[in-house]
Amino acid sequence: MQSCSEKKQKLVERIGVHFEKEMGITPLAARILGLFILSPSEDLTFDDVTKITCASKSSISTNINLLLQLRSIEYFTKPGDRKRYFRASKNHLEIALKDTLNKVKADLEIIDLIDKFNKISEKELEHKHQVRLLYKEYLNNQQHNLKKTIEKISEIQRTQ
């Protein structure tokens, strides 16, 4: 793939902005990940990514290495070809859900610490306590849903 349609470029940009905010990664890394997700059947090389993004080789290299470390992308080789080909990891959605699950768990731990502290230090205002309980209920539901979805994804991947 030597170029990218205008429609695909706009979608890569939109997806990239989302990943940049959600994953806390650089704008270029987010757009590279978006490109790979939108190109599941294409074998993209380092040079392809450089041409499509119009970024420097150094920047591409740095951001591809970041995405490899995050396990958002993977590479493969072809027999008789020295080039590395890149694609979105087969389990990038599962990884994203696990990251979200870890954030939910951390939020639940903080809520529990706040509850314990407030019970010990002073009597808390009832409305603040109720709001925190609602938030805790939301987090518990999120945790349950994330675990179920991750289990289903893992099950599908084991059967493939």
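User: What order do the three strands of the open sheet take?
Analyst: This is a predicted model, where local features need pLDDT of at least 70, side-chain atom pairs count only at pLDDT 80 or more, and totals for chains, interfaces and linings use all residues. Residues are numbered from 1 along each chain as its sequence is written, and side-chain values use heavy atoms, with hydrogens and water left out. Strands are DSSP runs of E with at least two residues, helices are runs of H or I with at least four, and both are numbered from the N terminus. The pairing in the sheet is antiparallel, and the order is E1-E3-E2.

User: Which strands sit at the edges of that sheet?
Analyst: Two strands pair if DSSP finds at least two bridges between them. An edge strand here pairs on one side only, and that picks out E1 and E2.

User: How many bridges link E2 and E3?
Analyst: Strands of a sheet pair through backbone hydrogen bonds, either parallel or antiparallel. E2 and E3 go for the antiparallel way, with Tyr75 opposite Phe86 in E3. Their bridges number six.

User: Which residue in E3 stands opposite Thr45?
Analyst: E1 and E3 run antiparallel and are joined by two bridges. Follow Thr45 across to E3 and you land on Tyr85.

User: Which residue in the hairpin of E2 and E3 takes a positive phi?
Analyst: The hairpin has two residues between its strands. The phi in question is near 80 degrees, and it belongs to Gly80.

User: Cys54 is not a glycine, so what is its phi?
Analyst: You'll find Cys54 in the loop between H3 and H4. Cys54 is exposed, because its relative accessible area is 70% and exposed means over 50% (buried is under 20%, partly exposed is in between, with a 1.4 Å probe and protein chains only). Its phi is positive, at about 60 degrees.

User: Where does Arg71 lie?
Analyst: Arg71 isn't a glycine, yet it has a positive phi of about 60 degrees. As for its place, look in the loop between H4 and E2.

User: How many residues of helix H2 are buried?
Analyst: Helix H2 covers residues 27-37 and is mostly covered. Its buried residues include Leu28, Ile32, Leu35 and Phe36. They pack against several elements, among them helix H1 (6-23) and strand E3 (81-88), where contact means heavy atoms within 4.5 Å.

User: What is the area of the nonpolar surface patch made by Ile110, Leu113 and Ile114?
Analyst: Patch members have over 30% relative accessible area and no salt bridge; like charges are joined within 9 Å, nonpolar side chains (Val, Leu, Ile, Met, Phe, Trp, Tyr) within 5 Å. A salt bridge is a side-chain nitrogen of Lys or Arg within 4 Å of a carboxyl oxygen of Asp or Glu. Leu113 is in helix H5 (residues 92-121) and counts as exposed because its relative accessibility is 55%. By the Shrake-Rupley method with a 1.4 Å probe, where only the protein chains shown count as cover for residues, the patch comes to about 270 Å².

User: What is the radius of gyration of the protein chain?
Analyst: The chain has six helices and three strands. The radius is taken over C-alpha atoms, and the globule rule is 2.2 Å times the number of residues to the power 0.38. For 160 residues that rule gives 15 Å, and the chain is well over it, so it is more spread out than a compact globule, with a radius of gyration of 21 Å.
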